[in-house]
Amino acid sequence: MSTVMKQERAVAINPTRSCAPIGAMLSAFGVHGALTINHGSQGCASYPRHQMARHFREPIEVATTSLTEKTTVYGGKENLIAALRNVWDRFHPTMITVCSTCLSETIGDDIPAIIEEFQDNNPEVEIPIISVKTPSYIGTHITGFDLFLKEVAMRLPVKSRKGDTNGKVNIIPGWVNPGDIRELKHLLREMDVQPLFLTDYADTLDGGYYNPRPHFPQGGTTVEELQDSSRSVASIALQKHIGGEAAKVYKKRHNVPAHILPMPIGLANTDTFLATLTEITGKEVPLELQRERARLLDAIVDTHMFNTGLKVAIFGDPDLVHGLARFVTEMGMIPRFVLTAADSKAWGDDMLALSEELGVEMDIMYKTDLHELHKRMKAEPVSVVIGHSKGKFLTDDEKVPLIRVGFPIEDRFGYHRRAVVGYRGGMYLVDEITNTILTQRGNIVSNTLMELEDADTPVMNGGCGSNGGGCGG
Ligand code: SF4
């Protein structure tokens, strides 16, 4: 029977989470020409910049109000006013996001009031300036990302007349990689649906090398598009925990129907996404996407003899873990341990419902850390772990392979370009998981796995694979 556990320990050991402002900063990078001011100490800007630069391998420009001991005592208003002025004078951005930090929230700076005063005194600065409350004690990086989207949904879209639509569908992808956004664009192009991404950092955080360097990175959703998003025919949030609330804001304020879906990883979840597009637009799934689906199914069949029955541990952001858990089950594996750092009982309940639907026993853990996962893996070994780079130390200790998915991937290159969503993302995952397991476990001879001598976790290689026959699927 599956169990749900919330960590009550007062300390995190080997945490998987990042701090809240990084989420708001990341999502703001998806707005063309936008700049973020981090209202806090210099470290509150440096840490997220380093984290993002190591994952995306791009220069990450974020301004800081650089609070010190003096401003901590007397308040950071003067620094924020000066930062807004400097950023405007030097960059002329299309939008400014001010994210708060543990420090500025604890001081009690009234950031919306400071912004209002700045705009009153500087009427020439005619751009949206939004503030997002992101002290890290209210949540994790996903909280910051989600709050930014909610703020955009509340502040930017303009009122539209009833029935006046732009024919587009708001797509709120949540915390994904640039490669995932490109894959979603591919699906939407094939479905002949015009998307409006909230937001789109496919190019701003995975750009090319240009000489001279452009003033702002190419790509991103424009402020005008965000203002027009109230005229879209529907909103689809592809992560319940990041963007689901923003979709509800569009519904409530602008009567844009909201569809909150599971992250489209694997067969069933991608089917759901495409079926929703059909429901909204009346357009059928084209032959090309049906072929991609058939190829993913074929890839799962081709590899089932090496994956079926293997136990997996998955950690990371709530929606990512939810999507991956369903997908590895489609591959015949057992998502034995699933873990997130987010303090979300709703996620725990969703995972419990998923485990019952799939008929698999899971240990479901939230608001917890890798120490907890490590403990459980020692008592009950798994064949593979899926998660980001922070899992490297426990997988090295346990001599279990780590499939790198999520954020941050700082010890490998190019993972931000890879997609895990859509049928093609599923094919990538099938290959990556299977090949990693095979590399760890042994050699393939005539389609049969000859296990290495020191392999201590059983690998199922029976069925069609064990007779050396050609199970080509
Ligand atoms: S003080 Fe808070 S906001 Fe700043 S880096 Fe630390 S956790 Fe993040």
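Contact is taken here to mean heavy atoms within 4.5 Å. The model examined is a predicted one, and the domain assignment of its protein chain gives domain 1 (20-155), domain 2 (169-284) and domain 3 (288-467). Under this criterion, 33 residues of domain 1 are in contact with 34 residues of domain 2. The centres of domain 1 and domain 2, taken over C-alpha atoms, are separated by 24 Å.

The size of an interface is often given as the accessible area lost when the parts come together. For domain 1 and domain 2, about 2600 Å² is buried between them, with 69% of this area on carbon and sulfur atoms. Of the area that domain 1 buries against domain 2, 20% is supplied by His32, Leu149 and Ala153, more than by any other three residues.

On the side of domain 1 that touches domain 2, the elements giving two or more residues are α1 (20-28), α2 (42-56), α4 (77-91) and α7 (141-155). Helix α7 provides the largest share of that side, with ten residues. The composition of the side of domain 1 that touches domain 2 is 19 nonpolar, nine polar and five charged residues. One salt bridge is found across the interface of domain 1 and domain 2. A salt bridge joins the side chains of Glu61 and Arg213, with an N to O distance of 3.5 Å.

Two serine residues were considered individually. Ser104 lies in helix α5 (residues 102-107). Because its relative accessibility is 0%, Ser104 counts as buried, the cut-off being under 20%. The side chain of Ser104 reaches the backbone oxygen of His39 at 2.8 Å.

Ser230 is placed in the loop between α9 (223-228) and β8 (234-237). With a relative accessibility of 3%, Ser230 therefore counts as buried. The backbone oxygen of Val158 is reached by the side chain of Ser230 at 2.5 Å. Beyond its neighbours within four places in sequence, Ser230 is in contact with Pro157, Val158, Ser160, Tyr250, His254 and Val256.

How values were computed:
Residues are numbered from 1 along each chain as its sequence is written. This is a predicted model: local features need pLDDT of at least 70, side-chain atom pairs count only at pLDDT 80 or more; totals for chains, interfaces and linings use all residues. Side-chain values use heavy atoms; hydrogens and water are left out. Helices (H or I, at least four residues) and strands (E, at least two) are DSSP runs, numbered from the N terminus. Buried means under 20% relative accessible area, exposed over 50%, partly exposed in between (1.4 Å probe, protein chains only). A polar contact is a pair of N or O atoms within 3.5 Å; within protein, one must be able to donate a hydrogen and the other to accept it, and residues adjacent in sequence count only if both atoms are side-chain atoms. Domain bounds come from an automatic or database domain assignment. Buried area is the accessible area (1.4 Å probe) that two parts lose on being put together, summed over both. A salt bridge is a side-chain nitrogen of Lys or Arg within 4 Å of a carboxyl oxygen of Asp or Glu. Ala, Val, Leu, Ile, Met, Phe, Trp, Tyr, Cys and Pro count as nonpolar, Asp, Glu, Lys and Arg as charged, and the others, Gly among them, as polar.
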